[in-house]
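Please look over the model below.

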Amino acid sequence: MADLVSHPAEVKVVSKRFGKGAANIDRYLELDGYKAVQKALGMDPDAIINEVKTSALRGRGGAGFATGMKWSFVPKQSAKPKYVLCNGDESEPGTCKDRLILEHDPHSVIEGVMIAGLAIGARIGYIYIRGEYRYLSVIMEKAIADAYARGFLGKNIFGSGRDFDVYWHGGAGAYEVGEESALMESLEGKRGIPRIKPPFPAVVGLFGGPTVINNVETLASVPPIILQGGEWFASLGTPKNGGTRLYCLNGHINNPGVYELPVGFNLLRMINEVGGGIWKGRKLKAVTPGGSSCPILKAEECDIAMDFDTLMKAGSMLGSGGVVILDDQTCMVKYALRTIKFYQHESCGWCIPCREGTDWLKKSLTRFHAGAGLKKDIDNIQYLAENMLGRTFCALGDAAAMPTISIVKKFRNEFEDHLEGRPCPYDPEAVTQQLPVLAGAH
Amino acid sequence: MRFSDQLETRIATMLTHYPVKRSILVPTLLFVQDEVGYLSDEAIAEVAKRVELTELEVRNVISYYSMLSLKPKGKFNIQVCTNICCMIRGGESIFDHCKKKLGIGHKMTTPDGLFSLEEVECIGACSWAPAMQVNYDFHENLTAEKVDAILDDYKRKAQQ
């Protein structure tokens with residue numbers, strides 16, 4: 001459905017079967033499909049985990065936690081069944097890569113789930129797909145059924161004497177469910193409210209059993225690691241940041257699209273070379289490097305390697321790989337407002353700093369953008385956002401606060417411009433909602 | 001209340017996938033909504049019975065998920081994304097265009113029951129922005145002209 005793009009700088013590992021009809025099981029088998037899981041069946045579970053550790057694969061959902069390490073936290077013995085969960089609740093604004101994997105290569109996800117299962121000693125895996133992606137559930141349902149029909153899933157997989165079941169599970173619209181413990185709640189048929197941690201899912205997860213939960217892209221990276229080796233995968237990226245990533249290049253560029261590039265690829269090259277440069281002959285103003293929750297980078301900060309550690313040092317995050325590129329005509333107050341409007345809508349309301357914080361930030365930014373802000377509001381927005389950090393069960397509160405803090409810090413002048421040029425000096429027509437100055441705000 | 005044979009089979013199959021009945025709740029509610037048109041009192045009571053929960057517990061879950069609806073929607077539900085990537089490539093004017101064209105606002109339905117309109121959060125079409133979904137179908141790289149053609153297409157479909 002979604003258009004595929006291509007660029008010579010790409011290194012195709014996860015996307016190597018895109019556009020090749022690999023949702024068909026025969027085609028998948030022709031393209032080395034299900035070889036990795038058969039190899040893994042002959043391996044010791046610790047050997048699988050060590051291979052993934054060697055690969056320096058880190059979670060592609062956003063947190064960037066070392067995948068092999070995560071798997072090793074699962075206790076060997078457990079009275080309760082263990083589970084593998086694949087997180088396909090892709091909904092971080094800016095991110096549309098898992099959609100392509102599920103559409104073009106669903107069997108690679110099934111295979112990744114199976115290998116994770118063999119590594120931790122689980123025999124059931126669930127692939128959670130967000131409700132909006134119904135066409136992908138249809139593709140996945142068929143892929144799973146085909147795998148059962150061939151004896152790759154179910155009892156005695158590949159004649160190994162071992163059993164493994166995989167099911168897909170559908171969501172019904174909720175960003176918050178992308179958080180691992182909220183996803184488990186949702187899969188248990190409840191509201192997607194995050195759980196307190198510890199205990200972590202590796203010990204007490206789905207249905208109370210030890211659970212490994214990984215992003216779609218993470219799991220789709222596992223079969224090539226098993227087949228071609230962890231060292232090979234690690235060598236594609238930068239130290240401690242193995243492999244390639246599907247970077248979603250979005251926004252004000254000439255050739256937006258999802259490109260697979262080595263982890264650590266330079267951001268400016270990504271924009272100018274791969275993405276074809278800023279559109280309409282304009283200049284770069286700022287970039288959100290890894291989905292809406294990541295602190296913003298100013299144009300002069302964009303000559304940077306896109307890996308987890310380098311971005312962390314620069315005060316931002318690699319996140320989910322959703323790169324949002326903004327040209328010099330973008331109003332940063334409006335951008336901050338739209339971002340917070342999203343988090344306000346998606347906050348589950350369980351933790352008060354997030355529920356109230358996102359709401360007040362939305363109100364303040366709306367008023368500000370409409371030209372009714374006060375100078376002290378700039379500091380108030382900052383103060384409010386900072387007080388959300390680290391005070392919630394899950395990361396949604398941080399995800400809302402971090403971009404807001406960074407935009408106020410780095411583009412304070414634009415907030416000040418709104419006071420003088422009211423309503424919005426950048427795009428006056430875009431102001432659709434006027435809010436009165438709150439009583440007592442002076 | 002009995003659902004279509006296809007949905008009854010699906011529910012029966014789903015029940016074998018989990019150690020607890022309740023797990024089928026969220027996907028089942030969405031499938032039921034697709035079939036009935038919305039989550040009617042009768043449908044909620046039926047689902048509650050199937051998963052052995054009270055209606056109140058089921059309603060508590062429904063209120064959390066943005067796709068689940070207690071009210072009927074139009075035959076074609078237009079969901080325009082205005083989140084950051086769509087916004088910066090004209091998503092808001094696409095939404096305004098839809099409002100004018102259909103004569104309705106956010107979460108409203110045309111009098112003929114054909115179209116509903118909704119401003120939605122990120123639908124995962126960021127690299128092909130601006131984008132919208134009509135029911136489950138994605139429409140991407142939108143312009144006002146493209147939207148006109150798409151809506152006319154659905155109108156024709158409805159007449160067939």
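The points below go from the contact between the chains to single helices, residues and salt bridges.

This is a predicted model, in which local features need pLDDT of at least 70 and side-chain atom pairs count only at pLDDT 80 or more, while totals for chains, interfaces and linings use all residues. Residues are numbered from 1 along each chain as its sequence is written, chains are lettered from A and ligands numbered from 1 in the order in which they are written, and side-chain values use heavy atoms, with hydrogens and water left out.

**Contact between the chains**

- Chain A puts 61 residues into the contact and chain B puts in 45, where contact means heavy atoms within 4.5 Å.
- About 4,400 Å² is buried between chain B and chain A, and carbon and sulfur atoms give 57% of that area; buried area is the accessible area (1.4 Å probe) that two parts lose on being put together, summed over both.
- Six salt bridges are counted between chain B and chain A, a salt bridge being a side-chain nitrogen of Lys or Arg within 4 Å of a carboxyl oxygen of Asp or Glu.
- Over all chains, the structure holds 46 salt bridges.
- A:R99 lies in helix α5 (residues 98-104) of chain A and B:E140 in the loop between β5 (137-139) and α7 of chain B, so this pair joins two chains. Helices (H or I, at least four residues) and strands (E, at least two) are DSSP runs, numbered from the N terminus.
- The side chains of A:R99 and B:E140 form a salt bridge at 2.8 Å, N to O.
- A:R99 is buried at a relative accessible area of 0%, and B:E140 is buried at 13%. Buried means under 20% relative accessible area, exposed over 50%, and partly exposed in between (1.4 Å probe, protein chains only).

**Helices of chain A**

- Helix α8 (residues 180-187) of chain A has eight of its eight residues buried, so it is largely enclosed by the rest of the structure.
- The cover over the buried residues of α8(A) includes α4, β1, β2 (124-129), β3 (165-170) and β4 (211-215) of chain A, together with α2 (25-36) of chain B.
- A:G189 follows α8(A) and has a positive phi, near 85°.
- Helix α7 (residues 134-149) of chain A has 16 residues and reaches 23 Å from its first C-alpha to its last, close to the expected 22 Å; the expected span is 1.5 Å times one less than the number of residues.
- Buried residues in α7(A) include A:L136, A:M140, A:A143 and A:A147.

**Single residues**

- A:N87 is found in strand β1 (residues 83-88) of chain A and is buried, with a relative accessible area of 13%.
- Not counting residues up to four places away in sequence, A:N87 touches several residues, among them A:D98, A:Y128, A:L183 and A:N215.
- B:D148, in helix α7 (residues 144-159) of chain B, is partly exposed at 22% relative accessibility.
- Leaving aside neighbours within four places in sequence, B:D148 is in contact with B:H97 and B:K101.

**Salt bridges within chain A**

- A:E188 and A:R195 meet through their side chains in a salt bridge of 2.9 Å, N to O, and A:E188 is buried at 9% relative accessibility.
- A:R282 and A:D327 form a salt bridge of 2.8 Å, N to O.
- That pair links distant parts of the chain, 45 residues apart: A:R282 is in the loop between α11 (267-274) and β7 (284-288), and A:D327 is in strand β9 (residues 322-327).
- A:R282 is partly exposed at 24% relative accessibility, whereas A:D327 is buried at 0%.
- A:K70, A:E179, A:E180 and A:K197 are joined into one network by salt bridges that share partners.
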